[in-house]
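Please have a look at the model below, and then at my notes.

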Amino acid sequence: MDATPDYIADFSAFLAASPSSYHAAAEVARRLDVAGFTQLIESENWIDAAAGHYVVRDGAVIAWSQPVGAGPTTPFRILGAHTDSPGFKLKPKPTIGAHGWLQAGVEVYGGPLQNSWLDRELELAGRLVTRDGTERLVRTGPFLRIPQLAVHLDREVNNGLILDRQRHLTPVFGVGDPFEADLVAHLAGLAGILAADVAGYDILTADTQAPATFGLGHELFAAGRLDNLSSVYAGLRALIERSRHGAHTGPISVLAAFDHEELGSQSRSGASGPFLDDILTRIGHGLGATGSNRLQSYAESWCLSADAGHAVHPNYPERHDLANTPILGGGPLLKINANQRYATDAHGAALWARTCAQANVQYQEFVSNNTVPCGSTIGPLTATRLGIRVVDVGVPLLSMHSARELCHVNDPPALAAATAAFFAPEV
C-alpha cells in the first residue's frame, strides 16, 4: 500500500467523486477500467470471466481477480462492503415551499444523525432515468441547506433539540414561488436532457465540505460517507494490487460493494438480494463447476464483512464496554457480538489475527456495552445466504452517521493492507 499521505489524498478524491451510491459504483468502475479490468453485462453471455472483471448493478458493483490456475473448486476471498450512506432522498413532486422560500421535499434515508445535517451546504446527487430506460448520473454541487431555528426563537434549544422529520428537515434552495420553479427540470438540465423525458429518479443529499486532515500532526481525518466508503475504497485498492501481481494460484479475490445496507439490504443490489450469489455462480460456471463443486468452493471460502465501527468516545465512555475501548489510530476493528449481529466467531477471529500478522497491521476488538445494542452489517446476511464463513471488521470512527464523520489517518490504509493480505493468504 502507498504511504499514508498518498493514500488519504487519493481516498479523499474517491470520496469527492462519490456523493451517492450510484456515483460510488461508477467511480469504482472507472478505477477498475484504468487498472485493466473489463466490465461484463449481466444480460450477455460471459465467454471468458477469467482475470479481472466487474459487474455494476444499480448502485452496487462486484469485481474479481481470478488466478490463472483457478479451477471448479477454487475458493473465494470476498471483501463485502456497502456504497450507501444515511441522508435524505428526494420525494416525488419535490419542488415545494412556503412564505417566499423554495424548498425540496425529502424523505429520511436510513438513520442519519439528523442534527449534524443542519446548517450545511448540501448537494443533490444520484441518477435520472428517461422514458427509454437511459440512466444519467447527476450532481448539483452546493445547492441546499436545512436551516436551524435561531436560539432567539427557541430559548430552550440547548436543553434538547427535537426535530420533526416532516416539518423541520425540509431544506431550502432559493426564494420565490414554488409553482414557478421545477427542481427536476434543474437536475435534467445539469444532465443534459429534457425534463419531460425524466420518468424516474433516485436522488439523495450529500454534504459538500471537502475531506480534510486536521489536529496535532494532521492525524485526524474528517469527511462524509466514511461509513462505508472507507471499506469500499480499501477493498478496491487491495483488489487492484492483487490483480497487478498476476497470481497463478490462490483464491479468487472478490470486492462486493452492495447498496441499501443502511435500509436493511433487502433489494436486488443489496446483500440480502441475489447479486453476490449470481456472480459467484457465473464465475463457477465459467470454471466448469458443478453444484457439488460450488459447495466445495464455498466450504473453503471466506468473506470479510468490512463496515465502519465505533471508537470509544472520550465524552461518553460509559456508552462503551469498559474492557474493550478501541481508539482512533489503534488499527482496524474485529467486531464481535454474542447475538450474531456481527458474524465473527472463533475461527474468524483466528483468521483475522493471521491476516493482520501477515500484513504487519495492529488491530483492536470491539464489543458493545450490554445496555447499548449494536447495529448489524452485511456479515450475518452473507453467512446466512451462502453458508460462507464471515468475519466482521472495519475502521473505527467517531460521529458515525453524521454528515461528517471522523477517523485517524492510519486506520483506513491499515484496513487496505490487511485486505490485501486477506486476498493473498500465505500458505
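Predicted model: local features only at pLDDT ≥ 70, side-chain atom pairs only at ≥ 80, totals over all residues.

1. Residues are numbered from 1 along each chain as its sequence is written, and side-chain values use heavy atoms, with hydrogens and water left out.

2. The open sheet has 9 strands in the order E1-E2-E3-E13-E4-E14-E18-E16-E17, with mixed pairing. Strands E1 (38-39) and E17 (364-366) stand at the edges with a single partner strand each, so one side of each lacks a neighbour in the sheet. Two strands pair here if DSSP finds at least two bridges between them; helices (H or I, at least four residues) and strands (E, at least two) are DSSP runs, numbered from the N terminus.

3. Strand E2 (residues 51-57) pairs with strand E3 (residues 60-66) in the antiparallel sense over 7 bridges. The two form a hairpin with 2 residues between them, and aspartate 58 in the turn has a positive phi of about 55 degrees. Arginine 57 has alanine 60 as its bridge partner, and valine 55 has isoleucine 62.

4. On its other pairing, E3 meets E13 in the antiparallel sense over 5 bridges, where isoleucine 62 is partnered by alanine 256. Of the 7 residues of E3, 7 are buried (under 20% relative accessible area, 1.4 Å probe, protein chains only). Ala60, Ile62, Trp64 and Gln66 lie on one side and Val61, Ala63 and Ser65 on the other.

5. How do helices H5 and H8 cross? The axes of H5 (residues 275-286) and H8 come within 10 Å and cross at roughly 50 degrees (axes are lines fitted to C-alpha atoms, for helices over the stretch in contact, with angles from 0 to 180 degrees between N-to-C directions). The contact (heavy atoms within 4.5 Å) is made by Leu276, Asp277 and Leu280 of H5 with Thr382, Arg385 and Leu386 of H8.

6. Helix H8 (residues 379-386) also lies across strands E14 (302-306) and E18 (389-394), running at about 170 degrees to E18.

7. Finally, is serine 265 buried or exposed? Serine 265 sits in the loop between strand E13 (252-258) and H5, and is buried, with a relative accessible area of 2%. Leaving out residues up to four places away in sequence, serine 265 touches His260, Gly270, Ala271, Ser272, Gly273, Ile378 and Leu381.

How values were computed:
Buried < 20%, exposed > 50% of the residue type's maximum accessible area, 1.4 Å probe, protein only.
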